[in-house]
Amino acid sequence: MHPGTPSMPSHVLQYDRRPSLQQRHTWQTPHESAHSYIGMDPHGRRAPALHMHPLFASTRLHSAPINYDVTFAPSPRTVLDRTTHSPVDAHTLSQPATDPPTPASSRILLRSDKFPWPVVVGSSRNGRSPDITNLDLLHALHETLLTRVTPQEWEALGNGSRAQRKVTQAYEQRCTRLGGGWEGGVRRVDWLHGKTRLIGIEVEKNGSGAGSGKLVFGKA
């Protein structure tokens, strides 16, 4: 873990892979997800099995139906259907990100092998939903990755290293594409090296049987 990495909350969801169900490129109901999850409470007791909303459900063979570039804040212009390129409707975005719903008092923990920071998803700031929603997840992802890196996090890549050069290149390409933002400096999103499109969320299992949600990205 690099210096400056946020500390882990004491209560986060942990995941366990189950056999995949038939993939469907739809998100009409949260019961069609290809993933099951095992939640662990702070005392290590097994919680009810959970499913990711089909908007995010992904495997190594099937991408989720969402088309979203994490560089931009979630909106009807940026959260699209991967096939039709039409906006994902507000009703879908307001649905719980998991089934059964994850209460607002809990957290969903997501990781990526592209960057060292966890994405901790909580409830929305407006507090209208008692559960963590799809839109909450997208906002948490965007806000986490648009955070400016600290000098310690930058130095952890190794001064003059290939890793630093690749992140620098991603920063320059991002600012060029957006037509600005140079003064904002390097952001966490630059660790993705331009692969800023969310492909979906897979489930990784470790030796203990627990695991975590793995964010998968592709070329924007």
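These legends describe close-up views of a predicted protein model.

**View 1. Confidence along the chain.** The chain averages a pLDDT of 79. In all, 72% of the residues score at least 70. Residues 1-45 stay under 50. The model still has 131 contacts beyond four places in sequence for that stretch. Residues 207-211 also have pLDDT under 50. For them the model has eleven such contacts.

**View 2. The aromatic pair of Trp117 and Trp191.** The structure holds four aromatic pairs. In one of them, the ring centres of Trp117 and Trp191 are 5.0 Å apart. Their planes stand at 75°, so the pair is edge-to-face. Trp117 sits in strand 7, residues 115-121. Trp191 sits in the loop between helix 4 (162-178) and strand 8 (197-205). The two are 74 residues apart, and their pairing links distant parts of the chain. Both Trp117 and Trp191 are buried. They also belong to a cluster, joined by ring pairs, with Phe115 and Phe217.

**View 3. The aromatic pair of Tyr171 and Trp182.** This pair is edge-to-face, with 5.6 Å from centre to centre and 80° between the planes. Tyr171 lies in helix 4, and Trp182 lies in the loop between helix 4 and strand 8. The pair therefore ties together parts eleven residues apart in sequence. Tyr171 has a relative accessible area of 13%, so this residue is buried. Trp182, at 41%, is partly exposed.

**View 4. The salt bridge of Lys214 and Asp113.** The whole structure has four salt bridges. Here the side chains of Lys214 and Asp113 meet at 3.6 Å, N to O. Lys214 is in strand 9, residues 211-218. Asp113 is in the loop between strand 6 (108-112) and strand 7. The partners are 101 residues apart. Is each one buried or exposed? Lys214 counts as buried, at 15% relative accessibility. Asp113 is exposed, with a relative accessible area of 56%.

View 5. Glu153 pairs with Arg188, the closest N and O atoms being 4.0 Å apart. Glu153 is buried, with a relative accessible area of 2%. Arg188 is buried at 7%. In the other bridge, Arg174 and Asp190 meet at 2.8 Å, N to O.

Terms used
Residues are numbered from 1 along each chain as its sequence is written. Side-chain values use heavy atoms; hydrogens and water are left out. pLDDT is the predictor's confidence in each residue, from 0 to 100. Contact means heavy atoms within 4.5 Å. Rings of Phe, Tyr and Trp (its six-membered ring) pair if their centres lie within 6.5 Å; planes under 30 degrees apart count as stacked, over 60 as edge-to-face and the rest as tilted. Helices (H or I, at least four residues) and strands (E, at least two) are DSSP runs, numbered from the N terminus. Buried means under 20% relative accessible area, exposed over 50%, partly exposed in between (1.4 Å probe, protein chains only).
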